[in-house]
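Visitor: I have a structure to go through and a few quick questions about it. Can you put it up?
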Amino acid sequence: MERQQDYVMRTVEERGVRFVQLWFADVLGTPKAFSITPAELETALEEGMTFDGSAIEGFSRVQESDVLAKPDPKTFQILPLRDSKAPVARVFCDLINLDGTPFEGDPRNVLRRALERAREKGFSFYAAPEVEFFYFADADPAHAPVPLDHGSYFELSVADLTTELRKETVLILEEMGVPVEYSQHEDSPSQHEIDLRHTDALTMADTVMTLRLMVKEIARERGVYATFMPKPIAGVQGSGMHTHFSLFEGDVNAFHDPGDEHGLSKVGKGFIAGLLRHAPEITAVTNQWVNSYKRLVVGYEAPVYVAWARNNRSVVVNVPHSKRNKSDSTRIEYRAPDPACNPYLAFAMILAAGLEGIEEGYELPPETQANLYELTAEELLAEGIRPLPGNLTEAIAAMEGSELAAATLGEHVFEWFIRNKRAEWADYKTQVSQFELDRYLPRL
Amino acid sequence: MEPLLVFPDPPPSELAETLDLGGYPWKAVGDADSAARLQPDDGWAGAVVVADRDSEGAFALCRSLRKREVVLEPFLLLVSGSQLADLELREDLFDDFCLIPMRPRELEARLKHLFWRTGQGTRPELVEYGDLVLNLETYQAAIAGKPLDLTYMEYELLKFLSSHPGKVFTRETLLSRVWGYDYYGGARTVDVHVRRLRAKLGDDRATLIHTVRSVGYRFGEARW
């Protein structure tokens, strides 16, 4: 520990870093930061920096509002910004109470607790998300989002712009030590995707925060807007964050069993079974906005039904074919999350659901063969296939009755989250949408 | 740190390995002429001369390096047991000696002590491989003078690997030596950090860290 702090101190000195940004996430996954000078850094590393948590979403408590942000020196990184005269560094923080105990409102702490539970069972948990997002001309809600790469004839150069932006972002991410598997233009206009190579889930949650910031920042520098809103345009595919997960026991992929017809071990099957059984309860976290449920509809390659299959895009748990003799690549893909989730909480819930399936020995239901988009409600019922929650209020209701969610998030986050999301739904219910005006005003 | 002069050329592989693992830069010379030709601008940091195979050449080299105005020091001589008698009346030609077969730990301890006695510091502070340089004092790494922005664990991993060029390490070994197991990631963590390091080293140098299939990783090429 001391050496890590020493490393940070020396690097700041040697590289002439002027400011160190202390990063953390609020309960909804919004990035928060404050800057300190190198002079304050040593104290920050040893004791943490006090700040008033009452202004942060989900941090407020009745008696005590002061919280300490304690930098995790392992995450110290100089930001590859163009202005190298005064380098700026960032470091992710764990939030602790004044008495030194972990702060119960800290999403990073929620994920740490879940990972600790996995570690007690001998598992380490890996995640590899595919993050989708849109580039638009601006963020003005007064008009429909303006895609940058289709619509008129002179857009060829602009199409190049979004691809350029994405490539530049990937380069900067690589400079920050974030290995990108690949990146591509997605199906919808102005939609792009960056796939990350797997890391342990805590590092990956930090990385998702970094990626979202970098994508947005680089777009802003070029005078455009990048958004992770799950469904910004009706009628085209929304943005998901399909994430590949695996558990390792030391060097060994615990999901892999060469003797099984699917190559899946008992652990792998238990994990899937746990995810399926608890999917409705964790959806409020993996898909936390009113808008998230506009993406989870039939016909846009988003999952709608709680089922699993191999290489099937209509189900929520997909098992990709792994190459023969490549046991390491055996993994499952959870297709529900969207890129506007809080990655710490989402990974913690997914892990907890999967572990529950392993520990309780849940039976894995049979693989779904059909394209579920094409089945009728009766056929689905006959197959025993449930849908995911259809909107935020259904998701909240499912979460509210979930002991798994309460235990994983901890009482503080669990209660605040439900209260906050109920309020969001209540606000939404009071709105009159364009759909209603278009459909009803002329008729009624 | 300037390199140490090492005789003969090539030196016994065990000696080369000990110096590399200890982080001492060195150059091998075959005789007094090549010693003069290869001498660094700021002079040799010291000398390690192995006398068992070519004792005549070795003592000739000792004389040429020690019998002059600015004496080359510290000077460590490696001799076999049967050569001990040859040391008589040659006490001025070396600062300390070590018996062959050598024990790496002893050699390193003697070198450390010699450097301390001659006031040249106790530890070499740079690890160099090609144009990659790690300054162990300041924790900074650079390629061709351009600093690398590494996280702490990336730095520690690169330091460990580049201090042992050519040696293959399993993930488990790297995990225990570099991380000390205090990590959520498990053994796969090593793969993740290697990928991150390769990304930061850039396309040209990403291959410095080789994946040795179903074993682990190797940094660069061995020099012995």
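Visitor: What does the domain assignment give for chain B?
Guide: Domain 1 (4-117) and domain 2 (154-219). Keep in mind that this is a predicted model.

Visitor: How many Å separate the centres of domain 1 and domain 2 of chain B?
Guide: The separation is 33 Å, with the centres taken over C-alpha atoms.

Visitor: Sheets next. What is the strand order in the open sheet of chain B?
Guide: The order is β6-β7-β8-β9, four strands with antiparallel pairing.

Visitor: Which are the edge strands?
Guide: β6 (126-129) and β9 (146-148) of chain B, each of which pairs on one side only. From one strand to the next, the twist averages 25 degrees.

Visitor: And β7 with β8 of chain B, over how many bridges do they pair?
Guide: Four, in the antiparallel sense, between residues 132-135 and residues 140-143 of chain B. Within this pair, Asn135(B) stands opposite Gln140(B).

Visitor: What packs on the sheet?
Guide: α5(B) does, touching β6, β7 and β8 of chain B. The direction of α5(B) makes about 115 degrees with that of β7(B).

Visitor: Switching to the contact between the chains. How many residues does it take from each?
Guide: 23 residues from chain B and 28 residues from chain A.

Visitor: Which elements of chain B give two or more residues to the side that touches chain A?
Guide: α5 (152-162), α6 (171-179) and α7 (188-201) of chain B. The most comes from α7(B), with seven residues.

Visitor: How do the residues on that side of chain B divide?
Guide: Into nine nonpolar, six polar and eight charged.

Conventions: Residues numbered from 1 in each chain as written. Chains lettered and ligands numbered in written order. Predicted model: local features only at pLDDT ≥ 70, side-chain atom pairs only at ≥ 80, totals over all residues. Contact = placed C-beta atoms within 7 Å. Nonpolar A, V, L, I, M, F, W, Y, C, P; charged D, E, K, R; others polar. Domains from an automatic or database assignment. Pairing = 2+ DSSP bridges. Axes fitted to C-alpha atoms, helices over the stretch in contact; angles between N-to-C directions.
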